[in-house]
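Dear colleague,

I am passing on the structure we spoke about, together with some notes on what was found in it. Please read the notes with the structure open beside them.

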Amino acid sequence: LSCSGSDLPEALVVAYITVPNMEVGKKLAHHLVASKLAACVNIMPKVVSVFEWEGKTEEDTEELLMVKTRQAHLEAIAKVLKDKEYHPYDCAELIALPIVAGAKDYMQWAIDQTAPAS
């Protein structure tokens, strides 16, 4: 790896978002990229999620979005997830992990593809 996260002008993160199906995932992914809130979104199909909801243990098949973005965009992404046009859940998953290192060219590309935080 030729670049640590501290070499970049702004912190990058990988955010994880689950969605109920591929249609919702693609619509959300396209919106995040077109809005410059994400450099890239990978959609991993058919992950199995086990969780407690309203007092019951649930098991659902979902799609998992892996979003490469600036840390500063997480609040804006959270607002998008509250819009039922893009995400149907009452409590949408959004968690983020710092990118501590990566290929220098890729990391710079991710910064360049996302809008500066306002």
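This is a predicted model: local features need pLDDT of at least 70, side-chain atom pairs count only at pLDDT 80 or more; totals for chains, interfaces and linings use all residues.

Residues are numbered from 1 along each chain as its sequence is written, and side-chain values use heavy atoms, with hydrogens and water left out. Helices (H or I, at least four residues) and strands (E, at least two) are DSSP runs numbered from the N terminus, contact means heavy atoms within 4.5 Å, and angles run from 0 to 180 degrees between N-to-C directions, with axes fitted to C-alpha atoms, for helices over the stretch in contact.

Strand 3 and strand 4 are joined by 12 bridges, and here Ile-43 stands opposite Leu-65 in strand 4. Strand 2 pairs with strand 4 over 8 bridges, where Ala-15 has Val-67 as its bridge partner, and strand 2 (residues 12–19) is joined to strand 5 by 4 bridges, with Val-14 opposite Leu-97.

Two residues with positive phi

Most residues other than glycine have a negative phi. Lys-46, however, which is not a glycine, has a positive phi of about 55°; Lys-46 is placed in strand 3 and is exposed, with a relative accessible area of 66%. Glu-54 takes a positive phi near 50° in the hairpin of strand 3 and strand 4, which has 2 residues between the strands, and at 72% relative accessibility Glu-54 also counts as exposed. Exposed means over 50% relative accessible area, buried under 20%, and partly exposed in between (1.4 Å probe, protein chains only).

Ala-110 is in helix 3 (residues 104–113) and counts as buried because its relative accessibility is 2%. Leaving aside residues up to four places away in sequence, Ala-110 touches Leu-12 and Ala-39. Ala-39 and Ala-110 are 71 residues apart in sequence, yet 5.1 Å apart in space, C-alpha to C-alpha.

The largest pocket

A pocket is an open set of points on a 1 Å grid over the protein atoms alone, where a 1.4 Å probe fits, with protein on both sides within 12 Å along at least five of seven lines; lining residues have an atom within 4 Å of a point. The largest pocket has a volume of about 310 Å³, and of its 14 lining residues the closest to its centre are Phe-51, Trp-53, Glu-62, Tyr-89 and Cys-91. That volume is the space filled by probe spheres set on the points, which are joined across faces, edges and corners. Strand 3 supplies the largest share of the lining, 5 residues.

With best wishes

How values were computed
Two strands pair if DSSP finds at least two bridges between them.
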